[in-house]
Amino acid sequence: MRRRAAAAAPAAASPPAEALARLRLARTEGVGPQTWRRALDRFGSAEAALAALPRYPAPRGGPPLRPPPEAEAAREWEALARLGGRFLFLGDPGYPPLLALTEDAPPALAVLGDPALLSAPQVAVVGARNASAAGRRIAEELAEALARAGVVVTSGLARGIDAAAHEGALRGGRTVAVVAGGLDQPYPPEHAALQARIAEAGAVVSEAPLGAAPLARHFPRRNRIVAGLALGVVVVEAAPRSGSLITARLALEAGRELFAVPGSPLDPRCRGSNDLIRQGAHLTETAEDILPNLPAAPRDGPLFALAAPARPGPEETAGVPAPPAPEPDDVQQVFDLIGHSPVTVDEVTRRCHLSAPALQAILFELELQGRIESLPGARVARIGPSRNEPSESA
């Protein structure tokens with residue numbers, strides 16, 4: 001019997017103009033998470049921010065800020081829709097609230113699976129790629145027990161502990177995988193089937209565009225999302241200076257609880273995790289060591305002074321005119337208050353006597369001009385004399 005021809009995939013709905021503009025702004029080289037956030041605060045919409053970009057000089061002597069063409073962003077949007085995924089933008093109601101509290105929350109997240117899981121209580125389980133058999137067993141058992149208790153288990157889909165945590169969580173409930181490359185580029189390749197299972201029974205998330213290969217520099221950025229999504233991070237086998245310890249440090253900076261499984265002092269894979277226990281991480285052997293110690297919210301609350309409030313949706317911001325540029329005297333006043341040593345935005349606010357919105361507009365202007373940079377802890381600093389400014393030694 002002749003097979004019936006496969007039905008063509010339904011055409012993806014055209015994205016709202018403002019949503020597409022937010023994606024283009026997020027994909028603009030030289031516009032990082034904090035600049036993206038400030039751009040929307042400054043101009044009120046991504047469409048207005050894109051229209052204003054041509055008036056800024058090339059930052060730090062680099063190439064001009066050139067957003068990708070609208071057609072290119074539309075193709076990415078439609079390709080993700082054909083995969084069954086969707087975008088979440090910082091400030092949207094469905095954006096994960098814990099991640100939104102971090103100072104460099106990704107402006108755009110691509111999600112396969114159930115995006116609601118990203119807002120559910122999560123525990124991250126991370127550790128060595130070259131994990132021992134015992135370490136993998138512990139990771140699986142911890143993840144399964146946490147998932148059966150109703151907690152979503154989050155990890156990075158890497159070899160070793162990450163994969164074991166995902167497998168255990170799938171047996172007991174739901175899991176979230178955060179990947180370093182595009183959602184259409186499973187890594188490592190042998191985890192393609194595991195990624196597909198997670199997308200069906202949980203969620204897979206990335207801030208990278210489709211087609212992006214996972215490069216070494218992308219993994220620390222992936223780790224910050226893992227830490228930012230979770231109420232707590234469990235480290236199982238981690239060597240000193242490993243990526244898992246980067247995740248642990250980011251979790252502490254975001255006010256999250258830290259747990260570590262003790263290991264043999266003779267095993268170099270356990271030195272980093274054992275050291276975390278010496279520094280105060282919860283010694284962890286079973287899920288009962290984790291669940292009672294999970295906070296209802298991050299210990300210190302929002303760490304980012306500019307934490308994104310709920311922003312108007314794409315329909316509400318369409319056609320909103322851009323605000324006028326700050327006065328040159330005000331820009332110079334703020335720049336004079338910022339030196340090469342980092343200073344907090346709160347300190348600049350106290351000294352400049354400008355309103356918070358006016359100050360954010362000026363910081364955005366200075367950042368796009370390549371004269372200052374945003375640093376962790378809601379701090380800013382000069383990045384050296386601009387090409388239009390004489391050197392201090394001149």
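**Figure 1. Three strands of the predicted model form an open sheet in the order 10-12-11.** The pairing within this sheet is antiparallel. Strand 10 (343–344) and strand 11 (372–375) are its edge strands, and each pairs on one side only.

**Figure 2. Close-up of the pairing between strand 10 and strand 12 (residues 379–382).** The two strands run in the antiparallel sense and are joined over 2 bridges. Within strand 12, V380 is the bridge partner of V343.

**Figure 3. Strand 6 (residues 203–206) is covered on both of its faces.** On one side lie A203 and V205, and both residues are buried.

**Figure 4. Strand 6 pairs with strand 2 (residues 108–113) in the antiparallel sense.** The contact between these two strands extends over 4 bridges.

**Figure 5. Strand 6 pairs with strand 5 (residues 175–178) in the parallel sense.** Here the pairing comprises 3 bridges.

**Figure 6. Strand 5, helix 8 (residues 192–201) and strand 6 make a β-α-β unit.** The unit is right-handed. The strands of this unit, strand 5 and strand 6, are those that pair in the parallel sense over 3 bridges.

Technical notes
Residues are numbered from 1 along each chain as its sequence is written. This is a predicted model: local features need pLDDT of at least 70, side-chain atom pairs count only at pLDDT 80 or more; totals for chains, interfaces and linings use all residues. Side-chain values use heavy atoms; hydrogens and water are left out. Buried means under 20% relative accessible area, exposed over 50%, partly exposed in between (1.4 Å probe, protein chains only). Two strands pair if DSSP finds at least two bridges between them. A crossover is right-handed if, with the strands pointing away from the viewer, the path from the first strand over the helix to the second runs clockwise.
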